[in-house]
Amino acid sequence: QVQLVESGGGLVQSGGSLRLSCAASGRTFSNYAMGWFRQAPGKERVFVGRISGNGIMTYYADSVKGRFTISRDNAKNTVYLQMNSLKPEDTAVYYCAGGKYYGSGEYDYWGQGTQVTVSS
């Protein structure tokens, strides 16, 4: 069982930056690929990006490519989402998720989410 807790959300002006963190419990964190998703008000949850268990492979949605960066520190059981050049349309609740197979699209564990609000 893996528990995920996001933090780092908040209010930021357009063009600003935020770094989200996702802390995981459990001793097998490095075995899990991690993903970030977001859900804007009134919309479905959508994929933002993912990172492999060893941190070597990453992949991003077109909407965030070049602005967002995912990294992880397996020694700290934490994955990060660095968000730069934020836009009002990035406003959403951001979730991290863990899955066994990188690129499968299947995630077994989810955090509770953290709110990111970008003002214009």
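This is a predicted model: local features need pLDDT of at least 70, side-chain atom pairs count only at pLDDT 80 or more; totals for chains, interfaces and linings use all residues.
Colleague: Why is Arg38 called buried?

Modeller: Its relative accessibility is 11%, and buried means under 20%, so Arg38 counts as buried. Arg38 lies in strand 4.

Colleague: What makes the pairs of Arg38 with Asp90 and with Tyr94 polar contacts?

Modeller: The cut-off is 3.5 Å between N or O atoms. The side chain of Arg38 comes to 2.8 Å from the side chain of Asp90 and to 2.9 Å from that of Tyr94, so both pairs are within 3.5 Å and count as polar contacts. Leaving out residues up to four places away in sequence, Arg38 also touches others, including Glu44, Val48 and Phe68.

Colleague: How do you know that Cys22 and Cys96 form a disulfide?

Modeller: The S to S distance is 2.0 Å, and the definition asks for sulfur atoms within 2.5 Å, so the pair qualifies. Cys22 is in strand 3 and Cys96 in strand 9, 74 residues apart. Both cysteines are buried. A search of the whole structure finds one disulfide.

Colleague: Why is the disulfide called right-handed?

Modeller: The torsion about the S-S bond is about 60°, so the disulfide is right-handed.

Colleague: Which residues have the most contacts inside the largest nonpolar core?

Modeller: They are Trp36, Leu81, Met83 and Tyr94, in a core of 28 residues. Strand 3 gives the largest share, four residues. Beyond its neighbours within four places in sequence, Met83 is in contact with Leu18, Leu20, Phe68, Tyr94 and Val116, among others.

Terms used
Residues are numbered from 1 along each chain as its sequence is written. Side-chain values use heavy atoms; hydrogens and water are left out. A nonpolar core is a set of buried Ala, Val, Leu, Ile, Met, Phe, Trp, Tyr and Cys residues joined through side-chain atoms within 4.5 Å. Buried means under 20% relative accessible area, exposed over 50%, partly exposed in between (1.4 Å probe, protein chains only). Helices (H or I, at least four residues) and strands (E, at least two) are DSSP runs, numbered from the N terminus. Contact means heavy atoms within 4.5 Å. A polar contact is a pair of N or O atoms within 3.5 Å; within protein, one must be able to donate a hydrogen and the other to accept it, and residues adjacent in sequence count only if both atoms are side-chain atoms.
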